[in-house]
Amino acid sequence: MLSSSGLAVFLLLVASSAHTFGQPCLCSAVLHSGLHVNCSSLNLMELPHLPSDTTEFHVQDNRLTSVSSGLFDKLVGLKKVSLSGNPFHCDCRIQYLRRWLLKNRAIVSQEPICASPSSVAQKAITELSDDYFSSCAPTSCTGRAFNTVMGVMLCCLIALLLWSLRLAKNTTFILFIDEKHSGIEVDSLRSLKPKHRRRLPIDLSEFSEDSDETPLVNMDLLPQVLDVLHKKHNIKIKAT
């Protein structure tokens, strides 16, 4: 017996077909055999959605040019299908039907053929080679896989950048400033993270008070410079 959901879809199918094409597909529920749907010779240009318990589907001698991707995927109980007598246009959109036919040849009563383009006219859809579709864009499954890989790579890159920024922020510099003539010696505080400690030696002996040249560093501004280095660049310094 048909399930309640299958019966509801069945009624919608009949009503939709009758409204669109003037006459509905002929549907019959056979005990222990599922639902048989006959849509032959109705001038259909696209296939209706079928109940999941459909076991036989006849749609020959219509005006179908392609089959929507995934249409047959949920019809796992199909035992007989007839698609012949339709003017299928064998372009990239026919790839889904070709793959489905190759996997389900045993239940197809007569293989459908291409009506166009002229290069493959009167050729069975299953005889089309993979090279024939080489210029087509990737299928949806391939596209989803590619997007997943790219998404994972992007997340890894963002994580690496965030880790680098955090490492740079936590890095502590040790700055040695030696002023021999003024008697000022400045040592840095020891970093709490020794593995990130760097040494930046600066010799200011050339800026002695006895030098005839004008010093490049104004020692009066040194406390302000050290304060800025400490607050903005995490460079900790103490004077002794």
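Predicted model: local features only at pLDDT ≥ 70, side-chain atom pairs only at ≥ 80, totals over all residues.
Me: What makes up the secondary structure of the protein chain?

Reply: The chain comes to 4 helices and 10 strands. If you read along the sequence, the pattern is α-β-β-β-β-β-α-β-α-β-β-β-α-β.

Me: What order do the strands of the open sheet have?

Reply: The order is β1-β2-β3-β4, so 4 strands in total, and the pairing is mixed. On average, neighbouring strands of this sheet are turned by 15° against each other, direction ignored.

Me: Why do β1 and β4 count as standing at the edges?

Reply: β1 (26-30) and β4 (80-82) each have a single partner strand, so one side of each is left without a neighbour in the sheet.

Me: How do you know that β1 and β2 pair?

Reply: Pairing takes at least two bridges between the strands. There are 5 bridges joining β1 to β2 (residues 34-38), so the two pass that test. They run antiparallel, and L26 stands opposite N38 in β2. As background, strands of a sheet pair through backbone hydrogen bonds.

Me: Why is the pair of F72 and W100 called tilted?

Reply: Two rings count as a pair if their centres lie within 6.5 Å, and the centres here are 4.5 Å apart. Then you look at the planes: under 30 degrees would be stacked and over 60 edge-to-face. These planes are at 40°, so the pair is tilted.

Me: What does that pair tie together?

Reply: F72 lies in the loop between β3 (54-58) and β4, while W100 is in helix α2 (residues 95-103), so the pair ties together parts that are 28 residues apart in sequence. Both F72 and W100 are buried.

Me: What makes the pair of Y132 and F133 edge-to-face?

Reply: It's the angle again: there are 85° between the planes, and over 60 counts as edge-to-face. Centre to centre, the rings of Y132 and F133 are 5.1 Å apart. In the whole structure there are 2 aromatic pairs.

Me: Why is F133 called buried, but Y132 partly exposed?

Reply: Buried means under 20% relative accessible area, and exposed means over 50%. F133 has 7%, so it counts as buried. Y132 has 28%, which falls in between, so it counts as partly exposed.

Me: Which residues of α2 are buried, and what covers them?

Reply: The buried ones are Q95, Y96, L97, R98, W100 and L101. What covers them includes β4 and β5 (88-89).

Me: How do you know that S40 is buried?

Reply: S40 has 19% relative accessibility, and the cut-off is under 20%, so it counts as buried. You'll find S40 in the loop between β2 and β3. Leaving out residues up to four places away in sequence, S40 touches H58, V59, Q60 and N62.

Me: What makes the link between S40 and Q60 a polar contact?

Reply: The distance is part of it: the pair of N or O atoms has to be within 3.5 Å, and the side chains of S40 and Q60 are joined at 3.2 Å.

Me: Is S118 buried or exposed?

Reply: S118 has 74% relative accessibility, and over 50% is the mark to pass, so it counts as exposed. S118 lies in the loop between β6 (114-116) and α3 (140-170).

Me: How many residues does the protein chain have, and what share counts as buried?

Reply: Of 240 residues, 32% count as buried.

How values were computed: Residues numbered from 1 in each chain as written. Heavy atoms only, no water. Axes fitted to C-alpha atoms, helices over the stretch in contact; angles between N-to-C directions. Phe/Tyr/Trp six-rings, centres within 6.5 Å; stacked < 30°, edge-to-face > 60°. Buried < 20%, exposed > 50% of the residue type's maximum accessible area, 1.4 Å probe, protein only. Contact = heavy atoms within 4.5 Å. Polar contact = N/O pair within 3.5 Å; in protein donor to acceptor, adjacent residues only side chain to side chain.
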